[in-house]
Amino acid sequence: MPGDYPMLISVCLGMALSACCGFRIFIPLLGTSLAIHYGWVSVAEDMQWLGGSIAIICFSTAALIEIVAYYVPFLDNMLDFVAVPLSIIAGTILTFSLLPAGANEGLLKWGIALVAGGATSGTIQVGSGLVRLFSTKATIGAGNSLVASAENTAAILGTVLSFAVPVIMAVLLTLVALWILFRTLRRLVKHKQRVF
């Protein structure tokens, strides 16, 4: 669907791609960069750099390094600490860039991007990090390659499907983020009760 998206579709596309940043930061950025470059989506003038050749090369390189790095035992757990803030930033930028120009300028537009994009990507990243931590504890890191493969698949497939069916993907991935949030809060409450 080339060209400008209506506001609802733009927010849904931004949320869906941001959620994919929770699985892998640079794959959705690369997908968006290619979509902008080939004119499948349009963005505001100040965000055109996302579709430039330099951005495509940088995101391609970063995506490849990120994919490979998550297959290295224990490095993957360390990467999760850096990935949480980076996924929030990436999700916010993606959502901001896809919102229609002139609809909500300035602080309100950044606020929508942070809530719709940053919060979604951050929640999914925290959840996937906890799954990897549990896998490390249960399998001494041997099962982490399966977690990494599942995350890579979710990021690639999710990015492609986000452009094809943005509303459905936004709803699905938001439900995943809410489920992760609920499960995490429930575990924290149980842990707190055990401590006291």
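These legends go with a few close-up views of a predicted model.

**View 1. Four charged residues joined up in a salt-bridge network.** Arg24, Asp80, Arg132 and Glu151 are the members of this network. The structure holds three salt bridges, and the next three views take them one at a time.

**View 2. Glu151 meets Arg24.** Here the two side chains form a salt bridge, at 2.9 Å from N to O. Glu151 sits in helix α6, while Arg24 comes from the loop between α1 (7–21) and α2, so this pair ties together parts that are 127 residues apart in sequence. And are these two residues buried or exposed? Both Glu151 and Arg24 are buried.

**View 3. Asp80 meets Arg132.** This salt bridge comes in at 2.7 Å, N to O. Asp80 belongs to helix α4 (residues 75–98) and Arg132 to helix α5, so the contact ties together parts that are 52 residues apart in sequence. Asp80 has a relative accessible area of 8%, so it counts as buried. Arg132 is buried too, because its relative accessibility is 0%.

**View 4. Arg132 again, this time with Glu151.** The closest N and O atoms of this salt bridge are 2.9 Å apart. With Arg132 in helix α5 and Glu151 in helix α6, the pair ties together parts that are 19 residues apart in sequence.

**View 5. Helices α5 and α6 packed against each other.** Helix α5 covers residues 107–139 and helix α6 covers residues 144–164. How do the two run, roughly parallel or roughly antiparallel? An angle over 145 degrees counts as roughly antiparallel, and α5 and α6 therefore fall into that class. As for handedness, the crossing of α5 and α6 is right-handed.

View 6. Leu181 has a relative accessible area of 41%, so it is classed as partly exposed.

**View 7. Asp46, out in a loop.** Look for Asp46 in the loop between α2 (26–37) and α3 (53–69). Its relative accessible area is 53%, so Asp46 counts as exposed. How far is the C-alpha atom of Asp46 from that of Ala142? The two C-alpha atoms are separated by 44 Å, and the residues are 96 apart along the chain.

Note on methods. Residues numbered from 1 in each chain as written. Predicted model: local features only at pLDDT ≥ 70, side-chain atom pairs only at ≥ 80, totals over all residues. Heavy atoms only, no water. Buried < 20%, exposed > 50% of the residue type's maximum accessible area, 1.4 Å probe, protein only. Axes fitted to C-alpha atoms, helices over the stretch in contact; angles between N-to-C directions. Helix = DSSP H or I, 4+ residues; strand = E, 2+ residues; numbered from the N terminus. Parallel < 35°, antiparallel > 145°, perpendicular 65-115°, else oblique. Left-handed = near helix turned anticlockwise from the far one by under 90°.
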